[in-house]
Structure formats: structure tokens, C-alpha cells
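Me: Could you take me through the metal site in this one? I'd like a close look at just that part, with a bit of the surroundings.

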Amino acid sequence: MATKPAKKATRMYGIKQCKKQTPGYNRVRSSDEYHTSRWTRLSRIFRAEHPLCEICKSKGLIRPAEVVDHIIPYPVCGDFFDSSNWQSLCSKCNVEKGNRDKKIIQEFKRNRTVSKNI
Ligand SMILES: [Zn+2]
């Protein structure tokens with residue numbers, strides 16, 4: 001008797017994976033600019049010049065930087081490629097700062113919406 005082939009295991013990437021791993025976590029889509037070769041190149045150069053996590057460094061810890069972060073969140077600062085607004089962070093600090101930034105971004109968008117309606 002013929003049997004159905006076993007269902008292929010599906011791998012989950014990106015938003016689905018995040019939702020699955022962190023219940024209630026509502027991920028805000030990142031800017032398309034993060035997925036450009038320009039950003040990849042410039043952030044790599046920046047990390048080479050600033051190889052340590054700035055937040056860890058301020059706490060007296062030495063951790064290698066893994067990402068480049070916008071000090072003032074991108075939707076608020078408005079200029080994605082302004083390197084004076086960048087800092088190198090480790091993944092842990094980036095996640096923690098990202099969660100704090102989310103509130104700032106939401107507040108910024110709420111205020112912008114209110115001012116448009118006046
Ligand atoms: Zn850090």
C-alpha cells in the first residue's frame with residue numbers, strides 16, 4: 001500500500017522564527033537600507049574602525065562589535081547613512097537597545113500622526 005511521503009521539514013526564517021521563539025514579540029520590519037550592499041560595506045568598514053561594543057565598553061567590559069547601530073533610531077534621525085549617528089554594538093546590546101528604540105519610534109510615529117491631523 002502506498003503511503004504519503006513524509007512531510008518535508010520546513011525551516012522557519014525571519015519574522016516567523018522570531019514570533020515562534022518569543023511569544024508576544026511583535027517584530028517591526030527593519031529598513032530596506034539594511035539589506036543593501038552599500039550598508040553591508042559601510043558597516044563592515046565602521047566595525048573595523050570601531051571593533052568593540054560601545055555600550056559594553058561604557059560598563060568596563062570588552063566585547064567585540066557585531067553590528068552597527070543608529071544611536072538615534074533611523075526613523076527618527078532620518079538620515080540612514082549619517083555615520084556620526086552610528087555606534088558599534090554586540091548582538092546582546094543591540095537587541096536590548098532595539099527594544100528601547102521601539103518605544104521611541106512608536107512615540108515618534110504617534111506624534112507625527114497627531115501633528116498631521118491638526
Ligand atoms: Zn555590548
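Reply: Buried residues make up 21% of the 118 in the protein, where buried means under 20% relative accessible area with a 1.4 Å probe, protein chains only. This is a predicted model, so local features need pLDDT of at least 70 and side-chain atom pairs pLDDT 80 or more, while totals for chains, interfaces and linings use all residues. Residues are numbered from 1 along each chain as its sequence is written, and side-chain values use heavy atoms, leaving out hydrogens and water.

Now the site itself. The zinc ion takes its protein donors from the SG atoms of Cys-53, Cys-56, Cys-90 and Cys-93, at 2.2 to 2.3 Å; donors are N, O and S atoms within 2.8 Å of the metal (3.2 Å for Na, K and Ca), and with water not among the atoms, sites may look incomplete. The angles run from 102 to 115°, which makes the arrangement of the 4 donor atoms tetrahedral (four donors, all angles between 85 and 135 degrees).

Along the chain, the donors read C-x2-C-x33-C-x2-C. Cys-53 sits in the loop between helix H2 (37-49) and helix H3 (54-58), and Cys-90 in the loop between strand S2 (86-89) and helix H5 (91-117), so this pair, 37 residues apart, links distant parts of the chain. Helices here are DSSP runs of H or I with at least four residues, strands runs of E with at least two, numbered from the N terminus.

As for cover, Cys-53 has a relative accessible area of 0%, Cys-93 is buried at 2%, and Cys-90 is buried too. The structure holds 0 disulfides, meaning pairs of cysteine sulfur atoms within 2.5 Å.

Notes
Buried means under 20% relative accessible area, exposed over 50%, partly exposed in between (1.4 Å probe, protein chains only). Four donors count as tetrahedral if all angles lie between 85 and 135 degrees; four count as square planar and six as octahedral if opposite donors are over 155 degrees apart and all others between 65 and 115; anything else is irregular.
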